[in-house]
Amino acid sequence: MKSRNTVYQTFVLLVALIVSSTATWAQAAFDQIQADRYFAATNYRIYPDTITTPQTPPPAGKHPFYISHYGRHGSRYLSSRKAYITPLQILQKGYKEKKLTQLGLDLRKQLANIIHDSQERWGDLSPLGHKQHRDIARRMMQNFPEVFEGDAHIQARSTTMSRCMLSMGSALQQLKSMNPRLQVDMNAAHEDMWYLNFQDKQLRDSMMTRKAESAFKEFNNPRKHNWRLMEMIFTDTAFVRKNIDDVALNYYLLKTELVQLNTKTYDQVRMADLFTLEDLYLFWQNENAWWYISYGPSLLNGGCQPYSQRHLLRKIIQDADSCILLDKPGAQLRYGHDTMIMPLTCLLGLNGYNFQTEDLEEVEKHGWWVSDIIPMGANLQFVFYRENPQDKDVIFKIMLNEKEATLPLPTDIAPYYHWRDFREFFLKKLDDYEAR
């Protein structure tokens, strides 16, 4: 396919320009991928195996007494056959016309094996997903043992998706193994879906406005082709031009390679050699921009998408107010999805994730990295402290994926915040939005 050399050289130059033009701030994201290529998997990134971030000691006399939590299910299989069937069908075209290289023939077999392994497991929690939630629960109890002492009460709620229910079950199994005296109240019912998995139709329908669609297309177009890969898979340039959706093939093969670490098929199928670090980086940039528009605070669609989780935040506040009145409230654990944690994180403004812009080139610059927000098993933990049940100055810290996070609130005890300041600020924020 030597006739494609000029096109490929142009593409490589374009990649170099994109990477260099993003300057040092973008290089940091590229460096993440260089250190761990699976950082590029965005919401399919596996949860870190170990968390070693130290906990900042609380102010003198304050002790943890209550945890309010929302967690995403752990690692899972893809939720549908589309991501596997689409590239296989494209390769079938080349196979029928005898236009596949040996690599293309091998890919066709590999995809068939993946589909066979994943059959009837679409969206199911993988063994790794169970382990992730056992480990998160174990660290939670080890970090804050006072919350789980004696016959502490643990209320656990999950959406009605099996992967969420099983994630909840694995976490509770771990906690009970560490303290059999725990009093567990566990449920997964439709009556809780209004806050655990609320779908705001009005906001959802306004995600991809014409303005947003145009901006994303302009951002995406120079990053979506991979002619080098097409040359590796097919023997005929003219055939590719006429018959092959190169964008879809590149996208789904990349996605397939990145998600396999979540399932046992990673041991059977390796596609890592197909893609360069630049390929992964461009994929990550497109996915990062899509998540920013769809669930982040992007001004391209009005900047209101994070309010889709206003019911969840209000429920967290109301539940905390009730639990603070108890002598020994224990913990409330909630299990749901990435499409809840992402907007909730932005609504809270954690770590600057409430950053708003219409310029998609600026998103990465400000450290708005989806891979750090919603890996498989992502979680938010509100950890509450006080001196005793009569202490009126309740404080808390919030952790994103078990790392202490910042809020857009003044505080004299960072990374801790006064609960009264938090509830006043965010209840007003929710009230103002709902009044509009």
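A residue is called buried when its relative accessible area is under 20%, exposed when that area is over 50%, and partly exposed in between, as judged with a 1.4 Å probe and with protein chains only. The structure described here is a predicted model, in which local features need pLDDT of at least 70 and side-chain atom pairs count only at pLDDT 80 or more, while totals for chains, interfaces and linings use all residues. Residues are numbered from 1 along each chain as its sequence is written, and side-chain values use heavy atoms, with hydrogens and water left out.

The protein chain contains 17 helices and 8 strands, where helices (H or I, at least four residues) and strands (E, at least two) are DSSP runs numbered from the N terminus. For 436 residues a compact globule would have a radius of gyration near 22 Å, and the value of 23 Å for the protein chain agrees with this; the radius is taken over C-alpha atoms, and the globule rule is 2.2 Å times the number of residues to the power 0.38. Along its principal axes the C-alpha trace spans about 80 × 45 × 40 Å. Of the 436 residues, 56% are buried. Where contact means heavy atoms within 4.5 Å, 81% of the contacts between residues at least 6 apart in sequence join residues at least 24 apart.

A nonpolar core is a set of buried Ala, Val, Leu, Ile, Met, Phe, Trp, Tyr and Cys residues joined through side-chain atoms within 4.5 Å. The largest such core has 103 residues, and those with the most contacts inside it are Phe 234, Leu 348, Leu 360, Trp 368, Phe 384 and Phe 422. Helix α13 (residues 277–295) supplies the largest share of this core, namely 9 residues. A second, separate core comprises 24 residues, among them Phe 148, Ala 171, Ala 331 and Tyr 335. When neighbours within four places in sequence are left aside, the contacts of Phe 384 include His 63, Pro 64, Phe 65, Tyr 66, Ile 324 and Trp 419.

Helix α12 (residues 246–259) has 14 residues and reaches 20 Å from its first C-alpha to its last, close to the 20 Å expected at 1.5 Å a residue, the expected span being 1.5 Å times one less than the number of residues. This helix is mostly covered, with 12 of its 14 residues buried, including Asp 246, Lys 255 and Glu 257 as well as Leu 249 and Leu 253. The cover over the buried residues of α12 includes α3 (82–96), α4 (102–118), α10 and α13.

Within helix α10 (residues 227–233) lies Leu 229, which is buried at a relative accessible area of 0%. Beyond its neighbours within four places in sequence, Leu 229 is in contact with Asn 250, Leu 253, Leu 274 and Phe 275. The C-alpha atoms of Leu 229 and Asp 279 are separated by 9.6 Å, although these residues are 50 apart along the chain. In helix α13, Ser 294 is likewise buried, with a relative accessible area of 2%, and its contacts outside four places in sequence are Met 207, Met 208 and Gln 305.

The structure holds 0 disulfides, a disulfide being a pair of cysteine sulfur atoms within 2.5 Å. Cys 164 is in no disulfide, and the nearest cysteine sulfur, that of Cys 346, is 19 Å away; Cys 164 counts as buried because its relative accessibility is 0%. The sulfur of Cys 346 is too far for a bond, because the closest cysteine sulfur, in Cys 304, is 13 Å from it. Cys 346 also counts as buried, at 2% relative accessibility.
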